[in-house]
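Please consult the sequence and structure shown here alongside the text.

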Amino acid sequence: MTEMYGKGILKGLSVTAKRFLETYLDDILWLGRKRYGSDEGIAHRASKKGRGIFTIQYPEEKLPVPEEFRFVPFLVYTESPDGQKVIRCTCCGICAKVCPPQCIWIVRSNDPATGRPIPTPAEFYIDADICMNCGLCAEYCPFDAIKMDHVYELASYGRNIFDIQHLLKSADYYRSIRPANAAREDEARAAKEAARATSAK
Ligand code: SF4
Ligand code: SF4
């Protein structure tokens with residue numbers, strides 16, 4: 001029994017020693033290239049070819065997240081030809097209704113002259129400390145106005161209640177983090193607009 005334990009310990013130590021030596025070997029093979037702190041180096045260490053150290057030196061290094069990764073949502077705006085932010089959200093309230101922990105608050109705008117409601121938010125809050133990152137708001141929004149973000153470093157000493165200024169991000173940003181999703185939605189929107197234009201003729 002004692003002998004068995006001794007063998008196991010030696011086997012474990014040999015794995016550690018192999019990793020230790022391979023780390024230096026790979027460092028030598030990578031001379032002139034950035035093995036640490038570069039996308040190429042991280043991808044190599046995460047691949048089957050990676051040898052030696054494979055831990056990520058966070059926060060100096062970060063693993064790339066997949067397209068479908070989701071954290072706290074953000075609101076999408078497009079830009080008008082004169083550079084104004086056009087908020088896609090129409091204040092329909094569906095996201096707030098489907099949100100399981102009820103962490104979305106929306107205040108609709110009113111026309112200052114008539115007092116009638118305008119389909120654009122005056123205020124929009126998400127309590128990021130309560131959000132469970134489920135993505136239902138983004139799934140249900142009929143206007144592609146709210147999307148799940150990739151930003152996950154939100155630690156702070158205070159409450160993370162995000163207001164509309166914090167939540168607004170451009171459609172170009174959305175395309176940069178979720179290119180396949182954005183392309184699919186752009187295509188569907190263009191097809192819908194073309195169908196509407198044809199039926200109006
Ligand atoms: S579901 Fe979309 S359009 Fe409706 S309130 Fe939420 S973000 Fe705005
Ligand atoms: S991701 Fe889920 S929990 Fe977070 S705001 Fe959207 S619906 Fe609510």
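## Basis of the report

This is a predicted model, in which local features need pLDDT of at least 70, side-chain atom pairs count only at pLDDT 80 or more, and totals for chains, interfaces and linings use all residues. Residues are numbered from 1 along each chain as its sequence is written, chains are lettered from A and ligands numbered from 1 in the order in which they are written, and side-chain values use heavy atoms, with hydrogens and water left out.

Strands (E, at least two residues) and helices (H or I, at least four residues) are DSSP runs, numbered from the N terminus. Two strands pair if DSSP finds at least two bridges between them.

Strands 3 and 4 run antiparallel and are joined by 7 bridges; Ile-104 has Ile-126 in strand 4 as its bridge partner. In the hairpin of these strands, 6 residues lie between the strands, and Gly-115 takes a positive phi near 80°. Strand 4 (residues 117–127) also pairs with strand 6 in the antiparallel sense, over 2 bridges. In strand 6, Ile-161 is the bridge partner of Asp-127, while Phe-162 is that of Ile-126.

Ligand 1 is surrounded by 13 residues (a heavy atom within 4 Å), the closest being Cys-89, Cys-92, Gly-93, Cys-95 and Cys-141. This shell divides into 11 nonpolar, 2 polar and no charged residues. Here Ala, Val, Leu, Ile, Met, Phe, Trp, Tyr, Cys and Pro count as nonpolar, Asp, Glu, Lys and Arg as charged, and the others, Gly among them, as polar.

Around ligand 2 there are 13 residues, of which the closest are Cys-99, Cys-131, Cys-134, Gly-135 and Cys-137. The shell of ligand 2 comprises 11 nonpolar, 2 polar and no charged residues.

## Aromatic rings and charges

There are 5 aromatic pairs in the structure. Phe-69 and Phe-71 form a stacked pair, 6.4 Å centre to centre with 5° between the planes. Rings of Phe, Tyr and Trp (its six-membered ring) pair if their centres lie within 6.5 Å; planes under 30 degrees apart count as stacked, over 60 as edge-to-face and the rest as tilted. Ring pairs link Phe-69, Phe-71 and Tyr-152 into a cluster. Phe-69 is partly exposed at 25% relative accessibility, and Phe-71 is partly exposed at 22%; buried means under 20% relative accessible area, exposed over 50%, and partly exposed in between (1.4 Å probe, protein chains only).

Two charges sit over rings, with NZ of Lys or CZ of Arg within 6 Å of the ring centre and within 35 degrees of the ring normal. Arg-33 lies over the face of Trp-30, 4.2 Å from the ring centre, and the charged end of Lys-169 is placed over the ring of Phe-74, 5.8 Å from its centre.

## The loop at Ser-38

Ser-38 lies in the loop between helix 1 (2–29) and helix 2 (39–46), and Ser-38 is buried, with a relative accessible area of 14%. A polar atom of the Ser-38 side chain lies 2.9 Å from the backbone nitrogen of Gly-41.

Conventions
A polar contact is a pair of N or O atoms within 3.5 Å; within protein, one must be able to donate a hydrogen and the other to accept it, and residues adjacent in sequence count only if both atoms are side-chain atoms.
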